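Biologist: I am new to this structure and would like to learn how to read it. Can we go through it feature by feature?

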Amino acid sequence: MRSLQFTTESSSDGMVERDFTIGDIPGVLWSPASGAGRAPLVLMGHGGGTHKKHRAMVGRAHLLVTRCGFHAAVIDAPGHGDRPRTARDEQDIAALRGAQAAGEPESPVVVPYNARLAEAAVPEYRAVLDALQELPEIGADGPVGYVGMGLGMAIGVPLVAAEPRITAAVFGMTWPDALFEAAKQITVPVEFDVQWDDERIPREDALALFDTFASPEKTLHANAGAHVAWPLFEADSATRFFARHLGADHR
């Protein structure tokens with residue numbers, strides 16, 4: 001197994017930030033600035049076209065670390081952040097931009113693109129989890145969660161279906177077309193976010209995916225508004241969800 005190498009470390013606002021690499025996979029781990037003993041880990045997936053240190057990732061990590069005392073980690077998806085794009089990535093991105101400019105549906109481009117990235121990213125996340133669980137502050141027997149929106153959900157649904165160490169998950173905001181078979185295999189608690197007036201992802205498709213999750217405990221959070229109007233208070237809700245299911249009292 002490829003070893004974890006920490007490359008930089010900084011601390012601010014109650015949180016320690018450590019950049020790491022595992023082979024050619026770049027990631028970041030956020031941890032409490034103070035505290036002793038092991039704590040749960042929440043893996044995160046960033047959205048399409050962003051990166052591991054996008055403000056959404058830093059904001060979620062801050063909530064999980066400072067309110068719950070958890071660790072939070074995310075890696076750059078293939079072709080994102082500090083990872084080079086392939087020629088195929090460039091072709092898919094150009095096709096997406098063309099569809100958007102022409103007012104055509106995005107899903108014929110985004111769904112196979114996301115599925116291709118997920119196929120590569122799922123084993124990467126599992127390798128990262130292997131490495132992080134060797135750290136004494138996380139450990140091999142601690143609870144693990146996953147949260148991802150957009151591309152983070154496209155990666156997260158097959159990841160959670162394949163990875164028994166993940167015991168709770170928060171998803172939302174992506175096309176579900178390629179995710180139904182994996183969703184049938186997910187039995188852990190799920191919180192699922194939907195924008196009721198989403199102009200990009202059909203409401204009926206999102207609701208069908210929610211119905212497909214095999215989890216006995218699953219919660220649908222539907223908010224009025226378009227795709228870009230996703231409310232920030234859902235990040236607080238996700239934090240409370242993980243506090244309940246990973247064994248910490250929400251502060």
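Biologist: In which helix is the place of R116?

Modeller: This is a predicted model. R116 has its place in helix α3.

Biologist: What is R116 in contact with, leaving aside its neighbours within four places in sequence?

Modeller: R116 is in contact with T86, R88, D89 and D92. A separation between C-alpha atoms can also be given: those of R116 and A154 are 9.8 Å apart, although the two residues lie 38 residues apart along the chain.

Biologist: How are two packed helices described?

Modeller: Two numbers are used, the angle between the axes and the distance between them. Here, helix α3 (residues 107-132) and helix α4 (residues 151-162) have axes that come within 9 Å and cross at roughly 50 degrees. That angle makes α3 oblique to α4. The crossing of α3 and α4 is right-handed.

Biologist: Which residues make the contact of α3 with α4?

Modeller: From α3 come N114, L117, A118, A121, V122, Y125 and R126, and from α4 come L151, A154, I155, P158, L159 and A162. Sorted by type, the residues of the contact of α3 with α4 are eleven nonpolar, one polar and one charged.

Biologist: At what angle do helix α1 and helix α7 pack?

Modeller: Helix α1 (residues 55-68) packs with helix α7 (residues 233-245) at an angle of about 45 degrees, and their axes are 10 Å apart. This makes α1 oblique to α7. The crossing of α1 and α7 is right-handed. On the α1 side the contact is made by R60, L63, L64, R67 and C68, and on the α7 side by A235, D236, A238, T239, F242 and A243. The residues of the contact of α1 with α7 comprise seven nonpolar, one polar and three charged.

Biologist: Now the sheet. In what order do the nine strands stand?

Modeller: The order is β1-β2-β3-β5-β4-β6-β7-β8-β9, in an open sheet with mixed pairing. At the edges are β1 (4-12) and β9 (218-223), each of which pairs on one side only. On average, neighbouring strands of this sheet are turned by 15 degrees against each other, direction ignored. Helix α6 (residues 203-212) packs on the sheet and touches β8 (190-195) and β9; the direction of α6 makes about 165 degrees with that of β9.

Biologist: Do strand β3 and strand β5 run parallel or antiparallel, and how many bridges join them?

Modeller: Strand β3 (residues 25-32) and strand β5 (residues 71-75) run antiparallel and are joined by four bridges. Among the pairs, G27 has I75 of β5 as its bridge partner, and L29 has A73 of β5.

Biologist: How many bridges join strand β4 to β5?

Modeller: Strand β4 (residues 41-45) is joined to β5 by four bridges, and these two strands run parallel. L41 stands opposite H71 in β5.

Biologist: Where do side chains point in a regular strand?

Modeller: They alternate between the two faces of the sheet. In β5, H71, A73 and I75 point one way, A72 and V74 point the other way, and all are buried.

Biologist: Why is β5 largely enclosed by the rest of the structure?

Modeller: Five of the five residues of β5 are buried, so β5 is largely enclosed by the rest of the structure. The cut-off for buried is under 20% relative accessible area.

Definitions and conventions. Residues are numbered from 1 along each chain as its sequence is written. This is a predicted model: local features need pLDDT of at least 70, side-chain atom pairs count only at pLDDT 80 or more; totals for chains, interfaces and linings use all residues. Side-chain values use heavy atoms; hydrogens and water are left out. Axes are lines fitted to C-alpha atoms, for helices over the stretch in contact, and angles run from 0 to 180 degrees between N-to-C directions. Angles under 35 degrees count as roughly parallel, over 145 as roughly antiparallel, 65 to 115 as roughly perpendicular and the rest as oblique. A crossing is left-handed if the near helix is turned anticlockwise from the far one by less than a right angle, and right-handed if clockwise. Contact means heavy atoms within 4.5 Å. Ala, Val, Leu, Ile, Met, Phe, Trp, Tyr, Cys and Pro count as nonpolar, Asp, Glu, Lys and Arg as charged, and the others, Gly among them, as polar. Two strands pair if DSSP finds at least two bridges between them. Buried means under 20% relative accessible area, exposed over 50%, partly exposed in between (1.4 Å probe, protein chains only).
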